[in-house]
Amino acid sequence: MSDAPVCRVTEQRDGAVLTLTLDYPARRNALNVALREQLFTILEAAQGDDGIRAIVLTGEGGNFCSGGDISGMDVRDAEQGRERMRRTHRMVRLMIGGRIPLVAAVEGWCVGAGLSMACACDTIVAAEDARFAAGFGRVGLMADLGLPWTLPNRIGPAKARQMLLYPDQIAGPEAERIGLVDRIVPKGTALTKARELASFLAQQAPLPIALTKRMLAEGLDAALERERDWQTMCFLSADHAEGRSAFMEKRAPVFGRK
């Protein structure tokens with residue numbers, strides 16, 4: 001019997017709605033490479049399934065996603081970094097520009113890459129006690145998975161700048177006030193509401209939804225190409241080396257001057 005921790009994306013089909021659940025309890029659903037690859041595979045298959053008309057994305061165990069899995073960030077050269085970003089961006093492109101609308105059901109923590117994933121969805125439903133933050137700078141990285149593009153589109157450049165530069169946590173009601181979240185619901189009910197909204201979307205004409213998503217995604221490709229190059233620079237920087245070490249050693253990072 002394997003002692004490996006659970007790390008998977010589970011699928012539940014209910015008519016035309018597909019619910020995808022991040023299930024990595026050992027790391028509060030941190031988005032590691034394995035989960036990204038599973039998500040891409042499922043999302044790509046869904047694009048070719050006319051019976052799937054809406055997708056709900058959520059997390060197991062009371063949290064949406066605690067961010068990227070820092071322990072797996074071991075980029076050693078520029079080509080490896082660019083390939084890592086290319087593979088991740090396949091998933092981001094399907095979420096934002098693909099034909100199927102996505103609804104995020106957020107409970108608990110939605111941080112870093114988790115925030116990126118939520119913002120790549122068309123609608124975000126969050127529990128009142130949900131907590132949102134970027135926090136990439138703590139590990140010497142810039143925001144990625146399209147967040148530098150999606151976040152300003154959601155809350156405006158000024159608010160986005162503050163979220164990306166400071167690690168402050170934003171509670172559910174405040175997130176709704178600034179436009180980061182679309183619906184606020186009582187704790188434990190985000191998934192129910194998200195499925196309700198997804199069911200509505202699944203009953204609408206699919207072509208206009210697909211074309212609307214494609215139009216709203218204009219400019220995404222150029223943003224992702226810049227992100228691919230610049231995040232690779234960050235992966236190979238002394239800043240990230242220090243940030244990663246500090247995280248693993250559970251201490252405050254000490255970043256040097258350039």
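**Reading helix packing**

Q: Which residues in helix 1 meet which in helix 2?
A: Val33, Arg36, Glu37, Leu39, Phe40, Leu43, Glu44 and Gln47 in helix 1 meet Arg84, Arg87, Thr88, Arg90, Met91, Leu94 and Met95 in helix 2. Here contact means heavy atoms within 4.5 Å, and helices are DSSP runs (H or I, at least four residues), numbered from the N terminus. This is a predicted model: local features need pLDDT of at least 70, side-chain atom pairs count only at pLDDT 80 or more, and totals for chains, interfaces and linings use all residues. Residues are numbered from 1 along each chain as its sequence is written, and side-chain values use heavy atoms, leaving out hydrogens and water.

Q: At what angle do helix 1 and helix 2 pack?
A: Two packed helices are described by the angle between their axes and the distance between the axes. Here, helix 1 (residues 33-47) and helix 2 pack at about 40°, with their axes 9 Å apart. Helix 1 passes helix 2 in a left-handed crossing.

Q: Which residues of helix 2 are buried?
A: Buried means under 20% relative accessible area (1.4 Å probe, protein chains only). In helix 2 these are Gly81, Arg84, Met85, Thr88, His89, Met91, Val92, Leu94, Met95 and Ile96. Helix 2 covers residues 78-97, and at its start a side-chain oxygen of Asp77 reaches to within 3.2 Å of the backbone nitrogen of Glu79.

Q: How do the axes of helix 4 and helix 5 cross?
A: The axes of helix 4 (residues 147-155) and helix 5 (residues 157-165) cross at roughly 130° and come within 7 Å. That makes helix 4 oblique to helix 5.

Notes:
Helices (H or I, at least four residues) and strands (E, at least two) are DSSP runs, numbered from the N terminus. The expected span of a helix is 1.5 Å times one less than its number of residues. Buried means under 20% relative accessible area, exposed over 50%, partly exposed in between (1.4 Å probe, protein chains only). A polar contact is a pair of N or O atoms within 3.5 Å; within protein, one must be able to donate a hydrogen and the other to accept it, and residues adjacent in sequence count only if both atoms are side-chain atoms. Axes are lines fitted to C-alpha atoms, for helices over the stretch in contact, and angles run from 0 to 180 degrees between N-to-C directions. A crossing is left-handed if the near helix is turned anticlockwise from the far one by less than a right angle, and right-handed if clockwise. Angles under 35 degrees count as roughly parallel, over 145 as roughly antiparallel, 65 to 115 as roughly perpendicular and the rest as oblique.
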